[in-house]
Amino acid sequence: MHIETLKYYIQSANVNFLYGSGLSRPFLSILGNIEKWLTELNEKRHREGDNVSFTVVEASILKLYFESVMYPNVAPAGANYDATINEYRRFLRNWNGLINKRSNRLVGKQVNLFTTNVDIMMERAALGYGVELNDGFQGSIEQVYDAGSFQKTVSKTSLHFQNVSDIPVFNLIKIHGSINWKSEADVIKNDLGLPTVQAVRAALDGIDAGNFISTTKIDPATGDATDKTLAEMITEAEAKGLANADVFNPFFEQYRKLVMINPTKRKFKESVIDHHFYELMRQYSNNLEKENTLLLVSGFSFADEHIADITLRAANTNPTLHIVVFGFNDGDGTTIKNNLKLHDVCLNNNVEILTPTVFKSHNDQSQEEKYRNFAAGVTQFDFTTVNNLFELISQGIVVYGR
C-alpha cells in the first residue's frame with residue numbers, strides 16, 4: 001500500500017484498530033507457544049482423560065503466562081516498561097491529532113481499539129495524558145462495565161462563544177477480558193489495585209517451585225534456550241512422580257477468578273457461553289460491517305481462529321472495508337496469510353498485508369521524497385515503526401481555515 005493511499009483512508013474512514021501482544025513488548029512477553037501448548041493439552045485430555053502429569057503441565061504453562069504477561073502490570077518499572085509505555089502514549093498522541101485534523105465531518109471522531117491483550121498498558125498510557133479513553137466502565141466509587149458505553153460521543157463547549165465540537169474518543173474494547181476485571185453476580189466491575197492478580201501471585205508463592213516444570217530447554221552446544229514440546233513437558237512431569245495434583249488447587253482457584261479467556265483454540269466456544277465476551281465479539285463484527293471502514297492491525301498474527309474468521313467474513317461481505325495488516329517481519333506475511341485463510345485473494349481484494357519488503361516496493365517510486373526515504377529505512381514493523389509512520393502521515397495533513 002502506498003503511504004498516500006493510507007493517508008486518504010485515514011482521513012475519510014471509520015477507524016478501527018486490532019492489536020495483540022506484539023505491541024506490549026519488550027516489557028511484556030508475546031504468547032509464543034502458550035496457545036499451542038494449551039490447545040494440544042486440552043485435546044490430549046479429551047482423548048485420554050485427565051492425569052496428574054497433565055495438571056502439572058497446565059499449572060506450569062499458566063504460571064509462565066501469568067508471570068510474563070499479567071503480574072508485571074502490578075508495579076511496572078524499568079527501561080523496557082518506559083520504552084513500551086512511551087510508544088503507547090505516542091500512539092494516542094498521533095491519533096488524537098490525526099482525528100482532529102480530518103476535514104470529513106461525515107465520519108465520527110471515535111477510534112475503536114480492539115485488543116486480545118489482557119494487560120493494562122493502554123489504560124496506563126492514557127492516565128493523565130489528556131486524551132479521552134473509554135474503557136467501558138461507568139461510575140466513580142464502584143465502576144461497572146457497560147458495553148453500551150462504546151456508542152457514546154463526547155463534545156466540548158468553548159468557554160466564551162458556546163461553540164460545541166466533538167473530540168476524539170478512543171474506545172478500548174478488550175475482547176478477551178482483562179486483568180483488572182472482576183465478576184460479581186454476572187456484573188463486571190473494575191478490579192482497582194489488581195487484588196485478584198496479587199492473590200494469584202500469593203497462591204503461586206505458596207507452592208514449592210519444584211512442583212512445576214520448565215517450559216524451555218537449553219541447547220548444551222550453544223547455550224540457547226528453546227521451547228519444549230508438549231510431549232517433552234509431559235515426560236518431565238511424569239518423572240516428578242507426584243501422587244496427586246492437589247498442591248496446585250490454590251493457584252487454580254485464584255487464577256479462575258480472573259475475568260478473561262485463556263489463549264486456546266477453544267476460546268470461541270468459551271466466549272459464546274459468556275454473554276459479556278459474546279457481546280464484545282459482536283461489536284467487533286458489527287463495526288467491520290459499517291460502510292467506509294478502515295481496520296489497522298498490528299502486533300497480531302490472526303492465530304486466533306474466531307477473530308480470523310470474523311475478519312475474513314467481513315472483508316468478503318463489505319467491499320467498503322479496507323484492512324491493513326502490519327507484519328513484524330517478512331516471514332510474518334505468509335503466517336498471517338495462512339491464518340486468515342487467504343489462499344488466493346480476498347473476494348473484494350481489500351486485505352493488504354504489509355511486510356517491510358512489500359512496503360518498500362510499494363513506496364520506492366512515491367512522488368514524495370519523505371515517503372520514499374521512510375519506506376527505505378523500514379526493517380520491521382514494531383510499535384515504534386508503526387508510530388513513526390502515523391506521525392509522518394499526520395505531518396503531511398494540512399488543515400486549512402484553522
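**Entry 1: the cores**

I began with the largest nonpolar core, which has 48 residues. Trp95, Leu113 and Phe326 touch the most other members of this core. I then looked up which helix gives the most to it, and found α4, residues 79-101, with 8 residues. I note here that the model is predicted.

**Entry 2: Phe326 and Leu296**

Next I listed the contacts of Phe326, leaving aside neighbours within four places in sequence. They are Leu6, Leu296, Val297, Ser298, Leu354, Phe381, Val386, Leu389 and Phe390.

I followed one of these, Leu296. Leu296 sits in strand β13, residues 293-298. Is Leu296 buried or exposed? I found a relative accessible area of 0%, so Leu296 is buried. Not counting residues up to four places away in sequence, Leu296 touches Leu6, Asn16, Phe17, Leu18, Trp95, Val324, Phe326 and Phe390. I also checked Leu296 against Val197, 99 residues apart along the chain. Their C-alpha atoms are separated by 31 Å.

**Entry 3: Ser285**

I turned to Ser285, which is found in helix α10, residues 275-288. Why does Ser285 count as buried? Its relative accessibility is 12%, and the cut-off for buried is under 20%. Which residues does Ser285 touch, not counting those up to four places away in sequence? I found Ile310 and Arg313.

**Entry 4: the largest pocket**

I looked for empty space next. Rolling a probe the size of a water molecule over the atoms shows where such space is left. The largest pocket holds about 850 Å³. I found 43 residues lining the pocket. Ser21, Leu31, Gly299, Ser301 and Ala303 are the closest to its centre.

I sorted the lining by class: 17 nonpolar, 17 polar and 9 charged residues. Which helices each supply at least two residues of the lining? They are α2 (34-48), α3 (52-70) and α12 (330-339). The largest share, 4 residues, comes from α12.

**Entry 5: helix α2**

Helix α2 has 15 residues. From first C-alpha to last, α2 reaches 21 Å, close to the 21 Å expected at 1.5 Å a residue. Its buried residues are Ile34, Glu35, Trp37, Leu38, Thr39, Leu41 and Arg45. An α-helix has 3.6 residues a turn, so residues three or four places apart point the same way. Last, I looked just past the end of α2. There Gly49 takes a positive phi of about 85 degrees.

Note on methods
Residues numbered from 1 in each chain as written. Predicted model: local features only at pLDDT ≥ 70, side-chain atom pairs only at ≥ 80, totals over all residues. Heavy atoms only, no water. 1 Å grid on protein atoms, 1.4 Å probe; cavity = no way out; pocket = protein on both sides within 12 Å on 5 of 7 lines; lining within 4 Å. Points joined across faces, edges and corners; volume = space filled by probe spheres on them. Nonpolar A, V, L, I, M, F, W, Y, C, P; charged D, E, K, R; others polar. Expected span 1.5 Å × (residues − 1). Buried < 20%, exposed > 50% of the residue type's maximum accessible area, 1.4 Å probe, protein only. Core = buried A, V, L, I, M, F, W, Y, C linked by side-chain atoms within 4.5 Å. Contact = heavy atoms within 4.5 Å.
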